[in-house]
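Me: Can you help me learn to read a protein model? I'd like to go feature by feature.

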Amino acid sequence: MYTTKHAQKLFEVKSDQTIRNWIKEFEEFFSVEATPGKGVDLQLTEDDMRVLDLISSMRSDRRPSDEIHATLKAGERGNPPGYTPEELDLLVRGDYEKHLSTHVNELNVK
């Protein structure tokens, strides 16, 4: 499962609060895990990340909220994340370059 910190990094927004605001505004399009209620950490599914991708893209194009709602209601979604939650953990921690270097070294050994 993905977190708001993963989404913040992936969609290049300044705060994970932006992600939380999008989830609240477009709640009907997110999974139960993304909208668990007070006191419970939210988790994002791959489909939730696709919804966020579409929202992020349309926000970047300065599309109004009603247009984003209509697009989501029509069943459109963005792209799935190009990273696993574990890879995004590394990105969030700033260790992704180290991870890639290790992976390349492992491939070279084989």
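Me: What is the mean pLDDT of the protein?

Reply: pLDDT is the predictor's confidence in each residue, on a scale from 0 to 100. Here the mean is 90, and 95% of the residues reach 70 or more. Helix α4 (residues 65-73) has the highest mean of the elements, 98, while helix α6 (residues 96-109) has the lowest, 72. Helices here are DSSP runs of H or I with at least four residues, numbered from the N terminus. Bear in mind that this is a predicted model, where local features need pLDDT of at least 70, side-chain atom pairs count only at 80 or more, and totals for chains, interfaces and linings use all residues. Residues are numbered from 1 along each chain as its sequence is written, and side-chain values use heavy atoms, leaving out hydrogens and water.

Me: At what angle do the axes of α2 and α3 cross?

Reply: Two packed helices are described by the angle between their axes and the distance between the axes. Axes are lines fitted to C-alpha atoms over the stretch in contact, with angles from 0 to 180 degrees between N-to-C directions. For α2 (residues 16-25) and α3 (residues 46-60), the axes cross at roughly 105° and come within 11 Å. So α2 is roughly perpendicular to α3, the word for angles of 65 to 115 degrees. I19, W22, I23 and E25 of α2 make the contact with L52, I55, S56 and R59 of α3, where contact means heavy atoms within 4.5 Å.

Me: Which residues make the contact between α3 and α4?

Reply: First the geometry: those axes come within 10 Å and cross at roughly 145°. From α3 you get V51, L54, I55, M58 and R59, and from α4 S65, E67, I68, T71 and L72.

Me: Now single residues. Is Q8 buried or exposed?

Reply: Buried means under 20% relative accessible area, exposed over 50%, and partly exposed in between (1.4 Å probe, protein chains only). Q8 sits in helix α1 (residues 4-10) and is buried, at 17%. Beyond its neighbours within four places in sequence, Q8 touches V13, K14, S15, D16 and I19.

Me: What about K9: which residues is it in contact with?

Reply: K9 is also found in α1, but counts as partly exposed at 42%. Setting aside neighbours within four places in sequence, K9 is in contact with L91 and V92. Over in helix α5 (residues 85-93), the buried residues include L91.

Notes
Helices (H or I, at least four residues) and strands (E, at least two) are DSSP runs, numbered from the N terminus. Angles under 35 degrees count as roughly parallel, over 145 as roughly antiparallel, 65 to 115 as roughly perpendicular and the rest as oblique.
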